[in-house]
Amino acid sequence: MSAAAAAPVSTRKSVRRGNAPRGPRHSIMSRTGAMLIMGVFTLYFLTPIWWLLVSSTKTGGQITGTAPLWFTMESIPTFFSNIGRLFTYSDGVFGRWLLNSAIYAGLGALLGTIIAAMCGYALAKYEFKGREAIFNIVLSGVLVPATALALPLFLIFSEVKLTNTLWAVFLPSLVSPFGVYLARIYAAASVPGELLEAARLDGSGEIRTFFTVSTRLMAPALVTIFLFQFVAIWNNFFLPLIMLRDQTLFPVTLGLYAWNSQISQIPELRVLVIVGALVSILPLIAAFLALQRFWSSGLGAGSVK
Amino acid sequence: MRAHYGKATAAFAMVSALTLAGCAGGGGGDSTAGGEGGSSCEPSSGPVDLTFTTWVPGMDKVVDLWNEENPDIQVKVQTGPNGNSGTYQNFFNQLQAGNAPDLGQIEYDALPNFRVQDGLENIASCENVSDAEDQFVDWTWGQVTFGEDDAVYAVPQDSGPMAMFYRKDLFEQAGIEVPTTWEEYAAAAEEIKAQGSYITNFPRGDVNWFAGNVWQAGGQWFSNDDEGWDVNLTGEESEQVANYWQGLLEKDQVSTLPSFSDEWNASFNEGDQWTWISAVWGASTLATGAPDTSGKWAVAPMPQWEDGGTAAGNWGGSSTAVLKGSEHPYEAAQFALWLNTDPEALALANELGGLYPAAKSATDLEAFSGGVEYFGGQKIYDVFAEASSNVDPNFTWGPTMTQTYTDVSDGFGKAIGGDGTLMDALTSGEEATVESLKSQSIPVKE
């Protein structure tokens, strides 16, 4: 963040002085062009969110009857009454959905990260037969879209009578081929073999070394994997759609989708879907802002290798 | 009686055998037991737990009433998105895995699909079920029996008889007579357009709305007998309806907004739309989407093709089906009957879920007997009850309606963009449907 903000300042100075900067040359034209393109994209991405925010402060009639991108006179009280209705409609099932999403995404991402880290670490740091084969198989898992696996998973879970349970969504969420890939790359680059040797000489067991030494060195990658997993599970929709029937088990995405599909019959749900969508993205925004620094450094680490 | 096979049954049975062969391992072993018609339906001994999947909001509250009165038959409600948005696909997956819920909500236009895939339990021999025929509006009963003898595959739940919502105040101000025939409707469309508004919106995505209009005109899109399915999206009546709306579209006398969208709601709220040919449930859609026009609307019967006619179409509605593999079809059938005939249950389902019951007794309910404020105090449900009794009971849906809807609506979209006509869309939709049936080994007559 700070680095990104500092860069343009120094460039501007050097342009003004007329000195040739050490980095690539920036003409005003190309900089304006770049800013323009970025501005357009920012607008493109932020407008729907702005619309969502504004619309959540309106009643059903106002959404269609007032300016779409600006507030109304009674926006603030309407917003709070909408939020109130959202959390009380149908016995407050929305709160339950949020909690479910938090469990699926939070716990799932945490455990998923640990598993991916251990796998990647083992693949990077231990020599064993078939290591590359395993890695390649895991890597090919990245190419298989999760959607394609949902139906086979449903049939498998049906066999063991686990459909329509928390496990049906939770267990498949623990697996992250991309996480294993990232963990391996990062472990190879950031955990020196000599350090592990030293730990072994000092009598530390492999597991203890992993948790006390290696995970600290791998921290940026772990945060990245966690964020990826968190977002993927939070937004996962198709798997819960197929697996779950009991609405008290729904994650927030599926719950909102179910409401949205009933709007033509129960039009008052329109407002609840909009407010619900706004509330449901807040945890994602919070997670991003909190872990942003690690996120960018972790991504960079994978790319230079 | 047991061994009697109706003509339609034979085609269904043949299809079932073919499709079943395609999904080996389906069902819990009893999917082949019993055969058609009078398989025995006996009460289970001991307490029974049933599961019921529905997407009607508030249905859990309705079921609570049942659970209080029937401690030995406890029903658990499971919800999901509406049928075509995922629940039907889930039913098919679950039928294949052998863990489908005991009861499921299925719309009339999807029932043949489940029937062809052998996903429905025949509950005709369950106590009281066959005798319940008199309690339901005629055409809804036809939808759940497919016209087969000794067969009942679901209990009718709700229906969507169609009528015309119109802006009473605007028609009066403009001095235009409220149209009673389609001819008058077209004339009114021209006058309204001259005033800068639209008489209505043509819903390109709602092919079932269009089907409701063909239904009113006396058309049939599908029929089946022992030689297979007959697909006829392009019959005389369909052509009549298609050409009629094509004319209005070409003269730009109807708008083409996506239904139920924000701009669609806004156009009603701002008085750009003077009428809406819609189903009974449209009353709450209007009241929520166009709150500023409260008190200005009224309801009249659908415009007629023949002067003095009374025919009505239907748009939407669903049934409660006992899905194949249920271990307690007797109890499930009793619950389905109660759910759709008990006055208290019907009243609550209407209040919480907006359902307009398929049971004839609906007209006695308080919710449907008084005036409605949004419509200036008019007793609008009298109009819909009348319409419901004028819906042709013989209309049959095809076994692949989701696909048919998609193909026709794609064509409608093109026609609105000036590429082809509505009739072209029906022609290509018919071809695609025949292809789709063939690809699923469902016999088709050509």
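Predicted model: local features only at pLDDT ≥ 70, side-chain atom pairs only at ≥ 80, totals over all residues.
In chain A, helix 4 spans residues 75–125 and helix 7 spans residues 166–173. The axes of these two helices come within 9 Å and cross at roughly 35°, and the crossing is right-handed. On the side of helix 4 of chain A, the contact is made by Y104(A), G108(A) and G112(A); helix 7 of chain A contributes V169(A), F170(A) and S173(A). By residue class, this contact holds three nonpolar and three polar residues, with no charged residues.

Chain B is divided by the domain assignment into domain 1, comprising 2–159 + 316–362, and domain 2, comprising 160–314 + 396–445. The C-alpha centres of domain 1 and domain 2 of chain B lie 29 Å apart. Across the boundary, 21 residues of domain 1 of chain B are in contact with 22 residues of domain 2 of chain B.

The side of domain 1 of chain B that touches domain 2 of chain B receives at least two residues from each of three elements of chain B: helix 1 (7–22), helix 4 (111–116) and strand 9 (314–322). Helix 1 of chain B supplies the largest share of this side, eight residues. In terms of class, the residues on this side of domain 1 of chain B comprise twelve nonpolar, seven polar and two charged.

Key. Residues numbered from 1 in each chain as written. Chains lettered and ligands numbered in written order. Axes fitted to C-alpha atoms, helices over the stretch in contact; angles between N-to-C directions. Helix = DSSP H or I, 4+ residues; strand = E, 2+ residues; numbered from the N terminus. Left-handed = near helix turned anticlockwise from the far one by under 90°. Contact = placed C-beta atoms within 7 Å. Nonpolar A, V, L, I, M, F, W, Y, C, P; charged D, E, K, R; others polar. Domains from an automatic or database assignment.
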